[in-house]
Amino acid sequence: MVTIPEQEPYIQALNPEWYQQKVSQVDMLRLDVIHPVVSGNKWYKLRYYLQTAKNQNARTILTFGGAYSNHLVATAAAANNYGFQSIGIVRGFHANETSTSTLRDCRDCGMQLVFVSREEYERKYDASYHQHLKEVFPEVYIIAEGGAGEQGVSGSETIAAYVPRDYTHVCLSAGTGTTLCGIRRVLPDNQQVYGYVPMKGGKYIEDEIDKYLFDEKKTGYSLFDDWHFGGFGKSTIELITSMNDFYTMNNIPLDMVYTAKMMFGIREQILSGYFPEQAKVLCIHTGGLQGNSTIKDKLIY
Ligand SMILES: *Cc1c(COP(=O)(O)O)cnc(C)c1O
């Protein structure tokens, strides 16, 4: 049985040339190093769900995802490591077990993949659909898509232990916003939390985020959705070039879906003077490097 994290997260200073010394310091918290498959924030989001599943004597973990989902493959690997069977409900009939490297990795971790129509997939939050799934697959414990939900938020709170209190700004990419909620809940109010959403019009996640925050924390974060590069999962030459440049300067690989878009945005904000000169910025690398498989031939790493 593998234990996660395999390697403890650590903080790495970025090359001052990258931010042209417009702020006092920019560092990166490397959550991507904790495990080759269960990388970044996904493990923290999953940990309490898996604990609860154990306590309930569940044998199988069931969750939902698309053909490139970091959450799906992280769940497959974590479930396997903890001695659970796993089932992945995958969106769309266009895919099969071998159509993406993500799905191949899921299969290799022992996950049973069940492909459903887009209409059926849309029922992923319905209690009646969950009931149906529990009848078809006995003894399953269901985890929401993306690990969203209260236990995902409280699992994410544990990431804050790696954030020293002297950073003025803590930046991370936000998909469901679950990780951001956990971190916002724990950090003191004088640390700003910035969330970079890689979806077009992504600020809509604010409503979901606020459900998990106490009143005084609801104003303690900002969301930015300008850097979506065409939408979720989409990329441009400019984005890919920035990933290669970032790697050359900092020796850190970014993922195309989340962290590359965040770092592109942060750099633009820094160079345009959005952050005060004294700012000490911590960017959280939430992992997701497996998602780079589609642009492998364009990357220098
Ligand atoms: C899933 C994921 C996110 C988004 O996390 P949320 O808790 O859903 O906001 C950010 N970065 C990476 C690399 C991810 O895989």
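**Figure 1. The shell around the ligand, sorted by residue class.** By class, this shell holds 11 polar, 2 nonpolar and 2 charged residues. For the sorting, Ala, Val, Leu, Ile, Met, Phe, Trp, Tyr, Cys and Pro count as nonpolar, Asp, Glu, Lys and Arg as charged, and the others, Gly among them, as polar. Please keep in mind that the model is predicted: local features need pLDDT of at least 70, side-chain atom pairs count only at pLDDT 80 or more, and totals for chains, interfaces and linings use all residues. Residues are numbered from 1 along each chain as its sequence is written, and side-chain values use heavy atoms, with hydrogens and water left out. There are 15 residues around the ligand, and Lys42, Asn70, Thr176, Thr179 and Thr286 come nearest; a residue is near a molecule or strand if one of its heavy atoms lies within 4 Å of it.

Figure 2. Let's look at the oxygen atoms of the ligand. One is 2.9 Å from an N or O atom in the side chain of Asn41. Backbone atoms take part as well: an oxygen atom of the ligand is 2.7 Å from a polar backbone atom of Gly175, and an oxygen atom of the ligand is 2.8 Å from a polar backbone atom of Gly177. A polar contact is a pair of N or O atoms within 3.5 Å; within protein, one must be able to donate a hydrogen and the other to accept it, and residues adjacent in sequence count only if both atoms are side-chain atoms. How much of the ligand's area does the protein bury? Taken alone, the ligand exposes 380 Å², and the protein buries 97% of that. These accessible areas come from the Shrake-Rupley method with a 1.4 Å probe; for residues, only the protein chains shown count as cover.

Figure 3. The ligand takes up the space of the largest pocket. On a 1 Å grid over the protein atoms alone, a pocket is an open set of points with protein on both sides within 12 Å along at least five of seven lines, whereas a cavity is a set of points where a 1.4 Å probe fits but cannot get out; lining residues have an atom within 4 Å of a point. A molecule sits in either if more than half of its atoms lie within 2 Å of its grid points. Helix H1 (41–55) and helix H7 (178–186) each supply at least two residues of the shell. The largest share, 3 residues, comes from H1. Helices (H or I, at least four residues) and strands (E, at least two) are DSSP runs, numbered from the N terminus.

Figure 4. Why is H7 largely enclosed by the rest of the structure? The reason is that 8 of its 9 residues are buried. Buried means under 20% relative accessible area, exposed over 50%, and partly exposed in between (1.4 Å probe, protein chains only). The buried residues of H7 are Thr178, Thr179, Leu180, Cys181, Gly182, Ile183, Arg184 and Arg185. Gln191 lies in the loop between H7 and strand S8 (192–196) and is buried too, with a relative accessible area of 1%. The Gln191 side chain reaches the backbone oxygen of Arg165 at 3.4 Å.

Figure 5. Ile205 sits in the loop between S8 and helix H8 (206–211) and counts as buried at 4% relative accessibility. Ile205 and Gly177 are 28 residues apart in sequence, yet their C-alpha atoms are 6.7 Å apart. Tyr121, found in helix H4 (residues 118–121), is buried with a relative accessible area of 1%. The C-alpha atoms of Tyr121 and Arg91, 30 residues apart along the chain, are separated by 5.7 Å. In strand S4 (residues 85–91), Gly88 is buried with a relative accessible area of 0%. From Gly88 to Leu113, 25 residues apart along the chain, the C-alpha separation is 4.8 Å.

**Figure 6. Two loop residues with positive phi.** Gln21 has a positive phi of about 50° although it is not a glycine. Its place is in the loop between strand S1 (10–13) and strand S2 (25–30). Is Gln21 buried or exposed? Gln21 is exposed, with a relative accessible area of 62%. Glu139, likewise not a glycine, has a positive phi of about 60°. Glu139 is found in the loop between helix H5 (127–136) and strand S6 (140–142), and is partly exposed with a relative accessible area of 48%.
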